[in-house]
Amino acid sequence: MSHICSPCGKEFATEAEYLNHECEKANGAKPGTPEFLKGTTQPAHDTIAEAALKRGEERKA
Amino acid sequence: MAATVEIDESNGAGETVSHNIANSNMGSTDAKELVAATYPITPGNNSYEKFQKIHVTNMGGSSKIDNLKVWRTTALGGSATHKTNARIAGYVGAEAYHQPIATTSSDAAQAMPTSEPASANLGIGGALAGSLIAAGYSDYLLHQIQTDAGDVAGASTTMHYQYDETA
């Protein structure tokens, strides 16, 4: 199984290598950071995360 | 900081995982982010199956991710149907990966919801009640577009992938 960072196209042998790379399409941000998502597929990451947290807290209550 | 979550797609016989895909375009080739105009579905045929996962890459200090819901909004072209393994009842567990096919999928047999499901319809660890307490993946979401011979136009629709997060 190989792993590709879809935004920059780089290929990695393992998921750990993917998670540790600095993506040139996200100004060097690594996957697993909000900056990576905001700079690639989720410009509205903060809004998405806020809504997810709200749903989770409402269900917990 | 909240959790970071991306959508991944698997393709090919040996399973190449493309992380953080930008779209879920469906067509006549097994590829992520395909250009539908380049790979149109011949009327009466199916798209290649899509194998996708919701991937939590970092919990961001939160304690739990669960309640995964997947649905599509906006109508398909003609009388095409959109089938999936996602379902809120009778979930058969985690789908095993196979090379995506364009023949009628026997694993994607449920209609893709066209509004937010009332409860989770995609599992974690093989169960709809499953949750992630560390970085990890959902079960595979498998889906396919199936057309009729009279369908002459496609459509642009929106896929929704939703999760709940507990701080």
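Keep in mind that the model is predicted. The predictor gives the complex an ipTM of 0.97 and a pTM of 0.97. For chain B, the mean pLDDT is 97, with 100% of its residues at 70 or more.

Let's start with the fold of chain B. How does the radius of gyration of chain B sit against the globule rule? It comes out at 16 Å, close to the 15 Å that the rule gives for 167 residues, so chain B is as compact as a globular protein of that length. If you'd rather think in boxes, the C-alpha atoms of chain B fill one of roughly 50 × 30 × 25 Å along the principal axes. Buried residues account for 43% of the 167 residues in chain B. As for how the chain connects to itself, take the contacts between residues at least 6 apart in sequence: 78% of them join residues at least 24 apart.

Now for the partner. On chain B, 24 residues are in contact with 24 residues of chain A. Which elements of chain B give two or more residues to that side? They are β1 (4–11), β2 (16–19), β3 (50–58) and β10 (158–166). By type, the chain B side splits into eight nonpolar, 10 polar and six charged residues. There is strand pairing across the two chains, too: β1 (residues 2–5) of chain A runs parallel to β2(B), and four bridges join them. One spot to look at is Ile4(A), whose bridge partner in β2(B) is Ser18(B).

Next, the nonpolar cores. The largest has 24 residues, and those with the most contacts inside it are Ala3(B), Val56(B), Leu68(B), Leu122(B), Leu141(B) and Tyr163(B). Zoom in on Leu68(B) and, leaving aside neighbours within four places in sequence, you'll find it in contact with Ile54(B), Ala120(B), Leu122(B), Ile124(B), Ser138(B) and Tyr163(B). A second, separate core has eight residues, among them Ile4(A), Ala26(A), Phe36(A) and Val17(B). That brings us back to Ile4(A), the bridge partner of Ser18(B).

Terms used:
Residues numbered from 1 in each chain as written. Chains lettered and ligands numbered in written order. Predicted model: local features only at pLDDT ≥ 70, side-chain atom pairs only at ≥ 80, totals over all residues. pLDDT = per-residue confidence, 0-100. Contact = placed C-beta atoms within 7 Å. Nonpolar A, V, L, I, M, F, W, Y, C, P; charged D, E, K, R; others polar. Pairing = 2+ DSSP bridges. Rg over C-alpha atoms; globule rule 2.2 N^0.38 Å. Buried ≥ 20, exposed ≤ 12 C-beta atoms within 10 Å, placed from the backbone. Core = buried A, V, L, I, M, F, W, Y, C linked by C-beta atoms within 7 Å.
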